[in-house]
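Here are my notes on the model you passed along.

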Amino acid sequence: MALELASFRRELHQIPELGNTLPMTQQRVLDALSGLDLEVTTGKSLSSVTAVLRGRAQPAGAVRPVVLLRGDMDALPVAEDNRLDYKSGHPGLMHACGHDLHVAGLLGAVRILHQLRDELAGDVVFMFQPGEEGPGGAAPMIEEGLLDVAGRRVDAAFGLHVFSAGHPCGVWFGRPGPQMAAADELHVRFIGSGGHGSQPHLANDPIPALCEAVTALQTMVTRSFDVFDPVVLTVGKIASGTRDNIIPAEAAFEATVRSFSVESRAKIRESSVRVVEGIAATHGLQVQADYREVYPVMSNDASEYDLAHRTIVDLFGAGRYRAMPNPEPGSEDFSFIANEVPSAYLFLSACAQVDPSSAASNHSPNALFDDSVLPDAAAWLAEVALRRIQQGV
């Protein structure tokens, strides 16, 4: 199976696609599932694939357990800078986050569980999801009935994410509770009146207010939030003006906001808007402050995390697992699944270099992922689903 999964992954690596419309990737997945005893459906509004495997064994109880396994399929707008014989064939696009490995690993789990279906006293939903990098494919799949596709609500969900740096290849890592941050956006536009740069008193310059707001937001974060429940607010884009001697009528910025609890997320939303509105009022400006919630906090259910962790230790040994002391400030739309059903989402290093500390990280044009982890990813996904079904509800 290892060679088959690596070949499939490398085929996907050559055809990266963006967002929720992945026709080539979707077709490759459908071809790989063809001939198996599965109930396969595709998305109506996006290029998703959902497959249900019906176990043939009868559960001990009255309720038939249902477990969901997920793999995301989309790539990034990154121009690959690697010398590979399976390098991206789509200019400006790359599987720089390892989602091609996620799809291959999930396909491996399909094959394993399909062989074990006579022993399976429950059903497994395989979620091949587009759009994780944006605009987000999990929520539309839920809206289209993903969690009830087996005929009853999913009892638990599991997923994994590979990393190209930070840990030696084959090391798993994770934590109970918050695993990844919520990701939101703050879009702010100050509106004043333009004029000549030599006579600022005849205009109402929005730029000083913008600069003050950027600084004030950083101070607000350090003085309003517990360091043990942190918030990160980073202004990544500022836009205003056309020339050095023209005062513009408007100035705008955009920021990414990361938080790790429901409480801090709600608080940063209210506080950030209040700060910019107060600064605008002080300067006699109008302001448009648009706070956009994007992905929720990805939090691991304690019980499902314990099962996922024990499965890794049993399969691969305790030396292959490292507990994360802190959450990862990146975000993940598997969080929409975790908000609906008890879930566990863990990380696996697929670092292709000897020194993980010097390897290119995910989203880099030089990110490299080692195919050797694919059998382990497939085995863990299959085994954790099997154990969760045996555990019942």
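Which residues have the most contacts inside the largest nonpolar core? Before that gets its reply, some ground rules. This is a predicted model, where local features need pLDDT of at least 70 and side-chain atom pairs count only at pLDDT 80 or more, while totals for chains, interfaces and linings use all residues. Residues are numbered from 1 along each chain as its sequence is written, and side-chain values use heavy atoms, with hydrogens and water left out.

1. **The main core.** The residues with the most contacts inside the largest nonpolar core are L33, L69, L113, F126, F128, F158 and W380, and that core has 61 residues. (A nonpolar core is a set of buried Ala, Val, Leu, Ile, Met, Phe, Trp, Tyr and Cys residues joined through side-chain atoms within 4.5 Å; buried means under 20% relative accessible area, exposed over 50%, and partly exposed in between, with a 1.4 Å probe and protein chains only.) Helix α9 (residues 374-391) gives the largest share of this core, ten residues. A second, separate core has 25 residues, V231, V273, A280 and Y291 among them.

2. **F126 in its setting.** Not counting residues up to four places away in sequence, F126 touches L38, V49, T50, A51, L53, L69, L106, A109, V110 and L113. Contact here means heavy atoms within 4.5 Å.

3. **Overall build.** The chain has nine helices and 16 strands. (These are DSSP runs numbered from the N terminus: helices are H or I with at least four residues, strands are E with at least two.) With a radius of gyration of 24 Å against the 21 Å that the globule rule gives for 393 residues, the values are close, so the chain is as compact as a globular protein of that length. The radius is taken over C-alpha atoms, and the rule is 2.2 Å times the number of residues to the power 0.38. Along the principal axes, the C-alpha atoms fill a box of roughly 80 × 50 × 45 Å.

4. **Packing and surface.** Of the 393 residues, 53% count as buried. Take the contacts with a separation of 6 or more: 81% of them come from residues 24 or more positions apart. The accessible surface is about 16,500 Å², and carbon and sulfur atoms hold 51% of that. Areas come from the Shrake-Rupley method with a 1.4 Å probe; for residues, only the protein chains shown count as cover.

5. **Charges.** There are 30 positive and 48 negative side chains, yet the centres of the two sets lie 1 Å apart. Lys and Arg count as positive and Asp and Glu as negative, with His and the chain ends not counted. Each charge is placed at NZ of Lys, CZ of Arg, CG of Asp or CD of Glu.

6. **M141.** This residue sits in helix α4 (residues 138-143) and counts as buried at 2% relative accessibility. Beyond its neighbours within four places in sequence, M141 is in contact with L46, S48, V49, T50, M127, F128, Q129, P130 and L146. M141 and V275 are 134 residues apart in sequence and 36 Å apart in space, C-alpha to C-alpha.

7. **R70.** Here is an arginine in strand β3 (residues 66-72), buried with a relative accessible area of 2%. Sequence neighbours within four places aside, the contacts of R70 include E132, E332, D333 and Y345. The C-alpha atoms of R70 and N204 are separated by 52 Å.

8. **S259 versus S198.** Is each of these two serines buried or exposed? S259, in strand β12 (residues 250-259), is buried with a relative accessible area of 0%. S198, in the loop between β9 (195-196) and α5 (207-224), counts as exposed at 53%.

9. **Backbone spots to look at.** The peptide bond from G134 to P135 is cis, with omega near 10°, and P135 lies in the loop between β4 (123-129) and α4. H363 has a positive phi, near 80°, in a residue other than glycine. H363 is in the loop between β16 (343-349) and α9, and counts as partly exposed at 39% relative accessibility.
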